[in-house]
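Colleague: Could you take me through one part of this model closely, namely its nonpolar core, and say how each term is defined as you go?

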Amino acid sequence: EGLSRPGQDGRARAAEAVVEFRDQGGRSVEIRFQRSAHGMLLSDGKPGEVKSFRFNSYAMHLGVEVGWRIVRVADQGVSANDGPGEVYELLATRLKHLPLWPLRIDLDTRGNGVKTFEMFRRPLGIELAERSPPRIQHFRLDSHAEVRGLEVGWVFLRVGGTLVGPDTPPDEVADWLEKGTAHLPQEPGGVRLDFLDQEGARRIVQLRRQPLGVMFSHTPPVRVEGFDFNSYGRERGIQRGWQLVRIGSQEVFVEDDTADVERNLAGKLAHLAPWPLRMDFLTNRGDVSILYFERQPLGVEFTPSAPFRVCCFKPDSLARNRGVEVGWTVLRVGNGLLGQDTAHAVFARYLDRGLAHLPPDPPGGLPMEFLDLSEEVRTLHFHRQPAGMVFAAQFPTVVKDFEFNSYARDLGVEAGWQLVRAGGRDAKAECKTCEELEAMLRELQASLAHWPVRMDFCTPEGAVKVFYFDRRPLGLEFARGAALEVGALKPDSHAAALGVRPGWTLRSVCKVAPLEGGASAWAEDVAAMDPGGLLKLLEREVARLPQEPKGLRVEFVERDGRRRVMYFRRRPLGLELSAPAAPGADPCAGILAEVSGFHFNSYAKDMGVQAGWRVLRVGRSAAEPWSSLAALQGVLRAGEAELPPWPLRMDFEPDDAGAARICFFERRSLGIDLGSERPLRIASLDAGGCGRASGLRPDWRVVRIGDVVVGHDMDHEQLLAYIAVGSAHLPP
């Protein structure tokens, strides 16, 4: 690479060193070395005698044989008292001005003939296919071979001086590539580390990533004793037993303390890019996709047992943005291979260790610093709120438990961790009680997006569908029974927009469902709890989500003084308003109207408005004490005039006592004739009416109209009156 080939001119011929040997017959043999890195291994007992050769040895290429003895290197002789170390040092000194002996590789390009490359850098960063013939399947990160122009799919024909056949095991070729480049330098740049290997040879490693992932000896000298999971150091060729002798330009001495050396090393590496986590997937097409993740969390969920398949994605999923798909199977995490018998705990540990040092995706958010149970600092970036952590009363900064659907737990926070800092603020110094800490977190999280509500459904075909709802209302109606089945989707349903369908069964809410016995008792399936209790829990979680800002904006003041903005997309609202007894002297003083009740089939009630709330603002105009209730009602009527009508809901129970059929009628012409006997049933259906179009059948019983349950005691005239009132605003 940029060096003149020996023998081309006089100056090139001078770039050589003569090494004199005695062959086994005692004859003198002079070999002219024009490359360094000779590749000879010398005997311990016999001075200067060649015991064997490294793979791709330059000396063997020149004709040196086992048993020959070195008697002179350039102008200096080798005495009988010189050990292997002295001879190695002499060879290194006298040959160091020569260019390196490269590794030659020949490849069949599968269409463009055979190409020959001389590799002068390491590591090559090549991965071979598992089966013969040995071909390139993948280039690792920062691959020198890829930079040189090698391509995936090319087949090896030769490595060094060894020919590669179609039946040569790929593992054997990979070993030759590793050994054949061991003497070559790495690409310059980053941080340089110098080691002495077990034979005393100096090994130089160039680092471009961090952390190193190497475990050093506790006592001097500083030697490599092992490697962390997914170690970057091992990927760069560092080996057990090597002694660290230099960091950058700073020498590491034999007596140096390991802890001091590790701190110095960490400081030198801190500015480097993080070493990513590699993951190999078997795709749905049957090929292998290899991805490197440089940020975390991945935002993906896997099946609970091997083989570990992608089952769904979380909000803001990095993995989905990188192209991962549902159904892909994980084959490898970091340097850990996964098999059919790999335990979930092992898989989870691989992910945790491989991702822990990576920066957050997306960057930013609210950083929170924790001390884990091992007193290691864990920094997590919160991009959603609320965190959902419950703190211990005696130790206000220690996480005691988690709320239902906790975002913090989903990020990996564990009970027993201590919150040290949040958004740069010292939690322990500023907060002496749980209330103070929770108030600080609410303030810091106020601008973050809301953590959505997860719901898992089973389709009639048995498939599981996962949805994350970040808006309210969901617009779901469940047919209550042994299983919570989606009976209908309301108008403007957020669930319908995301793809939920009637007939699907609710499998879980927020991944788990609570059992009786306290906040820490959880079951994996909603069948383990009362459906009514689950729906109340779901209602509470959904209530904290924002609405889509579409429709008529009305701002209320709740009973406790908190403000609530609601968006109405249907009319009429169905509010009964009255003047409050005493406005009070709070920021909302002078507000005239209070919600005292609701009309039949009230849209506002269905949206979650509660009696006792006060109307603060309609639209985006400034708050004002209206002169009269009539004036406010006029503003509301004007605001809702262009909205579509709120339909009339009616529920029917089939004659076979199956799940109720929920219908939303958007026209007055229902086309339903009701019998007069109790309980009230469908007598007949008009051919062109809405009832027949909705799939209703004669003799089905009416069980609900609007927001009123139709009992056995409701008479025919009363039901007709409800129908008339509930459909009066609908078009014909």
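Modeller: The largest nonpolar core has 25 residues, and those with the most contacts inside it are Met 368, Phe 370, Phe 382, Met 389 and Val 413. A nonpolar core here is a set of buried Ala, Val, Leu, Ile, Met, Phe, Trp, Tyr and Cys residues joined through side-chain atoms within 4.5 Å, where buried means under 20% relative accessible area, exposed over 50% and partly exposed in between, with a 1.4 Å probe and protein chains only. This is a predicted model, in which local features need pLDDT of at least 70 and side-chain atom pairs count only at pLDDT 80 or more, while totals for chains, interfaces and linings use all residues. Residues are numbered from 1 along each chain as its sequence is written, and side-chain values use heavy atoms, with hydrogens and water left out.

Among the elements that give two or more residues to this core are strands S27 (366-371) and S28 (377-382) and helices H10 (407-411) and H12 (434-445), and H12 gives the most, with five residues. Helices (H or I, at least four residues) and strands (E, at least two) are DSSP runs, numbered from the N terminus.

Leaving aside neighbours within four places in sequence, Met 389 is in contact (heavy atoms within 4.5 Å) with Met 368, Phe 370, Val 399, Asp 401, Phe 402, Ala 408, Val 413 and Leu 441. A second, separate core of 24 residues includes Leu 298, Trp 328, Val 330 and Leu 355.

Cys 434 counts as buried at 10% relative accessibility, and its sulfur is 9.8 Å from the closest cysteine sulfur, in Cys 431, too far for a bond.

How values were computed
A disulfide is a pair of cysteine sulfur atoms within 2.5 Å.
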